[in-house]
Amino acid sequence: MSDYACAGAALASGDLLVGIHMSLVGVEVAQLRDADRRLLWGKAGNECAFPGCNERLIEEFLSGTSASLVETVVGEEAHIVAEADGGPRADAAMPKAERNSYPNMILLCKKHHSFVDRDRGIHFTVEQLQGFKRQHEEKIRRRRSDPDEQRAISRRQALYELLIASRARLIARWQAAGLDDVVASELADDPVVGRRSKALASLKPTGVVVLSGEFGAGKSVTAERLHQEDVNAAQEGDAPLPAYLHADDVHGPLQQAVESAVEPLGVPGVSGVRIVLDGLDEIDAARAQRFLNQARQMVQIWPGSRVLMTSRPGLETSAGEEVPLPALSYEEAETLAQRLGQRRLPFSESTAVREALLLPLFVIIAAAAREEQDWRQPRSRIDFLEALVQRALRAGGVPEDDTENLLEELAWLAVQAGGPVAEGELGLSQSRTVRRTRLVVRQGRTLRFGLPILEQYFAGRALLERGIPEQAWVSSEAVERWRYPLALALAAAGWQQCLRLMEPLVERYPGVAAWVVDEAFPKGSGLRNEGPTLSPEAGQRAHFALARWLPALGPAADLALYQRVPAPPLVLGYQVHGTELWGVIQNAPQPGHEEQAIELPQGSDYEDVRTFAGFPTYMQFATPAFAYPGWPWQWSLTWISQHLKETLGRQLHLTGNSTWAAERRWALSRALVNQKGVFLNPLDATEVARAAKAHTGSVRSIFTSARNGNVVAAGSELSALITDLESGIEVGSDGLLHAPFAVPNRPRAPGRMYISDFYSDEALLDYTCYLFESALSIYQDLCDQWFPRLRPTLRLASRLPSILTGTVTRGGLAGTRVRYWPVSADPTSSSTADFTLDPPPGRERVPDVNSQYTSHALPFSDAPATDLAHSWLWSDLKGVRLLSGNAPSRWQ
C-alpha cells in the first residue's frame, strides 16, 4: 500500500479556517474521486481516526514571506485494503475501483499510518480498521450535533486565530522596521522578545492600565506579548476573555466594540475580559480620554476584567493606572543589537541619538540599516526614520520619488480619516507599490502603516509641502489629529517652513501649538555642544516668536512677563553668547523702542540690563535647541511657561465674579487677624478693618493664613476691604464677617479626626455643592479673562457649560472623598453641581460613558472654590504642556 498524503484540505471539516492558502507543493495525491475525498475528510473532522489520537491532519502556520496563514497537510489517506496486491491487508479479489473509494479509505496521521501498516499489516485486520473508522466518524457526528461541543470548537478556533493575528502584527511591525522575513519571524516566535518583565512587575491583574512610553519604546510589542499570554490562559479554562483592539478602529462606544470582539469566546459579565487597546495616542485627545473613561466604567461592570491601553505620556490618568515603560538599559539595548547580528551599539556624540538607541525601535532600525554600505551616523531621530525609509524603498525595488509621494498621500489620508484608509482611495496599483516597501500593510480592504510613527513621519513631510489642511481648522479635535505629524514636521523644518506652520497654529489654536512645540524639540543641558553657534538674527527670530505667543496665550502671559496688564509694546533686548541666547524685556519702552529686538552691547553687566529693562523685569538665559531652525518658538514659550507657573501659583484675580470676591475677602480677613482652627468662626469686622489699616501704606503685603499659606495683598486691595467693611458690605447685622460657605456645625468628639467629621450630612452636602458650583463659575471666568484663546483646547473649558454630577463618600483612612464627572448642559445655561451623599452599595451613580470622572479627597481651605478652580486650570494648562509639575499642595 502506498503512502499518499492528503490533497483535500479545502474539503475538510467546517471547523477549519476559511480562506487559508494551502501548500500542496510536492504532494502525491491518492487516486480518489472528489466525492469520495469529500466524504472521507468531511466525516473524519480533520482528525486522525486511530483510537485516542485525534491529531489534526492539517496544520496552519504563518508564512514568513507574506505574513499570511498557510495550510500544510500532515495527515495521510490510508488504504484499509492495500491498493497494490502485495500491500498490507491485500485482497486480490477486490476490484481496483473499490480499493480507491471512500469505504476503503481511513484518515490517519503519519505516525499511525506507519503503525498499522508495519510488518505488512499483520497486526491490524480489515475489520479492526473499519471499526476504528466507524467509531471515529460516529464520534465526530455526535460532536457536531452537540451544541456545547460546537461552541467549544468555535471557541478554540477563535483563540487560535487571535494568536495567529497577533503573530502577524508583530511580524509586520518588525518588517516595517527593516528586518527581513526570517529574523522578524524568529523574533515573533520568541515570547521573551518584547516582554519587559521588570517594567511589568507592578502590572495589575484587574482594572485599567495605561502602558505609557515615548514612541519607539516598545509599548505595542509588550502589549502583544501580554495579549498572547491572555489568549493562552483562556485556552486552559475559565480565564477572562481576551481581545485586541486598535484605537483608531473603534468608532463607537468601547464596550460595544469589546462585546463584539469577545462574542465567539463567551459572556463578559460571567468571565470578565482582558482587553488590549493599542494606539491611544494615535487618535485625538478627546476621543482617547473618552475611551479611558469608558474602560473605567467597563471594569466596574465586568468584575475581574482588565483593560490595558498603550499611549505616549500625557494622558489624564488616575492614581495607579499608569505603568511607565522606560528606555532599555545600555546592557539590554546591546543584547538586542547582538540578537540582530550587531556586535555592539553604534556610538554617537549626539545626546538625542544616544537616548534614541536605548529604545527598541531605533536599535532595530540601526541594526538593519548598518548592513547598508552607505550607512551614515544619524544626528536625530528623524535621521533614523529617513534611513529606514530609503532602505525600504531600495529593497522594494520601487521608483523612489513616486513611491514617497504615494506614502505621503496615504499618510495624509490616514490622518484626516483618523484611521486606516480604504485601498480604493489610494488606487489598487498604487496600493501594490507602497506594500512592496513593507512600510504599509493591508488589512482586509484597508491600508495602514506597519509602524504608527511612519504614518506621522510621512504626514509631517506632507505638511512641509502643503501646509496645514483647511479641514483641520474645523475644530480642536480635528487639528489635534495632526499634532504628532506637526511635531515631526517642525523637527525637520527650516525657519520659513516653521513660520508657515506655526503662525496660523499659534493664532488659532495656541494650546495645540504649545503641545506641538514641546514635543518637537529636545530639552536639557545635553543641547549645549550640539550644532553650530547661534546666528546673528537669533534675537530677531526670538522676538518674532515671542510677539506671536504673548497675544495668543492671553493676558496671563503678559502678567507673567510684565507683572501687569495690559502689557506695553514688546521690546526684546538680547545678547548671543556662543550657544546661549540672553533675553530681557523692556518693561517701560522708551520713545522709538516699540515692537523690536535690540542687541545689547557685549559686556553689559546686570545694572546695564536693569537700566535697559526697567523694573520689575525677568531675564531669560537659555541654551535653545539651536540645531533645529524652529528653536525660537521653544525658547520664547519656555520663558513664558516658567513665569506663568509662578504667576498661577500666586493665583489670578478676577473682576465681576462675586463668589471669587467673597472668598478672597474671607481668606484675606482671616489672615489679617491670624485666625486659626477648623471651625471658621465669624470675624469681627471692626477688628479686621483695624488690622488692614496697619498695612495700607505698603505697596504689597504678605500675610500668613492657617489654611491657605501666604496671602499677598496690595495696599489698594486693603483700602478697598476697609471701605467695604466700614460700609457694611458683606457684614452681618451682628457686625461679624461670616464665611461665604457652609462651616463645621458639629462639636469636637472622640473619633472625629477629619474636617469633614465636624460637618453634619446636610451641611457637608451643602458645602460640596457650593464648592463645585462656585469652582465652575470661577474656572470659567479664569479662562475667559486670562486665557480666552486657549479655551477650545483646555479639557474642562471645552466642555462648559456642564453639570458636575457626583457623590460624596465619608470614612476610610483617606477621609471624605468626592467622585464626579461633567454632564453636558444646555449651551445657554450656567454650569451647576449635583451631588449625593454616601450612596448605598449597588446604587452608586455611574458616570456617562463619554465623561471623564475624577476622584480625590474633598478639599477644605479659606477659599476652597478658588483653590479648586485654580487646580483645574493648572491641570488643563499642564495638559497642553504650558505648565509642568504639580499644583501647589495648599490647593488640594
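Me: Which residues line the second largest cavity?

Reply: The general idea is that rolling a probe the size of a water molecule over the atoms shows where empty space is left. In this structure, which is a predicted model, the second largest cavity is lined by Leu 40, Ala 44, Ala 49, Ile 106, Leu 107, Lys 133, His 136 and Glu 137, and its volume is about 30 Å³. By residue type, that lining divides into five nonpolar, one polar and two charged.

Me: Which element gives the most to the lining of the second largest cavity?

Reply: That element is α4, with three residues, although α1 (34-44), β6 (105-109) and α4 (126-145) each supply at least two residues of this lining.

Me: How many cavities of 30 Å³ or more does the structure hold, and which residues lie nearest the centre of the largest cavity?

Reply: The structure holds two cavities of 30 Å³ or more, and the largest cavity has a volume of about 180 Å³. Its lining is made of 17 residues, with Glu 282, Ile 283, Val 415, Glu 455 and Arg 481 lying nearest the centre. Two or more lining residues come from each of the elements α15 (400-417), α18 (452-466) and α20 (483-492). When the lining of the largest cavity is sorted by residue type, it divides into six nonpolar, three polar and eight charged.

Me: How many helices and strands are in the chain, and how many of its residues count as buried?

Reply: The chain has 31 helices and 26 strands, and 54% of its 892 residues count as buried. If we look at contacts between residues at least 6 apart in sequence, we find that 73% of them join residues at least 24 apart. The accessible surface of the chain comes to about 38600 Å², and 51% of that surface belongs to carbon and sulfur atoms.

Me: Why is the pair of Phe 50 and Phe 124 edge-to-face?

Reply: A pair of aromatic rings is described by the distance of the centres and the angle of the planes. By the rule used here, the count comes to 30 aromatic pairs. The rings of Phe 50 and Phe 124 have centres 5.9 Å apart and planes at 75 degrees, so this pair is edge-to-face. Because Phe 50 lies in the loop between α1 and β3 (58-62) and Phe 124 in the loop between α3 (110-117) and α4, the pair ties together parts that are 74 residues apart in sequence. Phe 50 is buried, with a relative accessible area of 13%, and Phe 124 is buried as well, with 10%.

Me: What is the angle between the planes of Tyr 759 and Tyr 767?

Reply: Their planes stand at 45 degrees and their ring centres are 5.6 Å apart, so the pair is tilted. Tyr 759 counts as buried at 1% relative accessibility, and Tyr 767 counts as buried at 1% too. Both belong to one aromatic cluster, formed by Phe 741, Tyr 759, Tyr 767, Tyr 770 and Phe 860.

Methods
Residues are numbered from 1 along each chain as its sequence is written. This is a predicted model: local features need pLDDT of at least 70, side-chain atom pairs count only at pLDDT 80 or more; totals for chains, interfaces and linings use all residues. Side-chain values use heavy atoms; hydrogens and water are left out. On a 1 Å grid over the protein atoms alone, a cavity is a set of points where a 1.4 Å probe fits but cannot get out, and a pocket is an open set with protein on both sides within 12 Å along at least five of seven lines; lining residues have an atom within 4 Å of a point. Grid points are joined across faces, edges and corners, and a volume is the space filled by probe spheres set on the points. Helices (H or I, at least four residues) and strands (E, at least two) are DSSP runs, numbered from the N terminus. Ala, Val, Leu, Ile, Met, Phe, Trp, Tyr, Cys and Pro count as nonpolar, Asp, Glu, Lys and Arg as charged, and the others, Gly among them, as polar. Buried means under 20% relative accessible area, exposed over 50%, partly exposed in between (1.4 Å probe, protein chains only). Contact means heavy atoms within 4.5 Å. Accessible areas come from the Shrake-Rupley method with a 1.4 Å probe; for residues, only the protein chains shown count as cover. Rings of Phe, Tyr and Trp (its six-membered ring) pair if their centres lie within 6.5 Å; planes under 30 degrees apart count as stacked, over 60 as edge-to-face and the rest as tilted.
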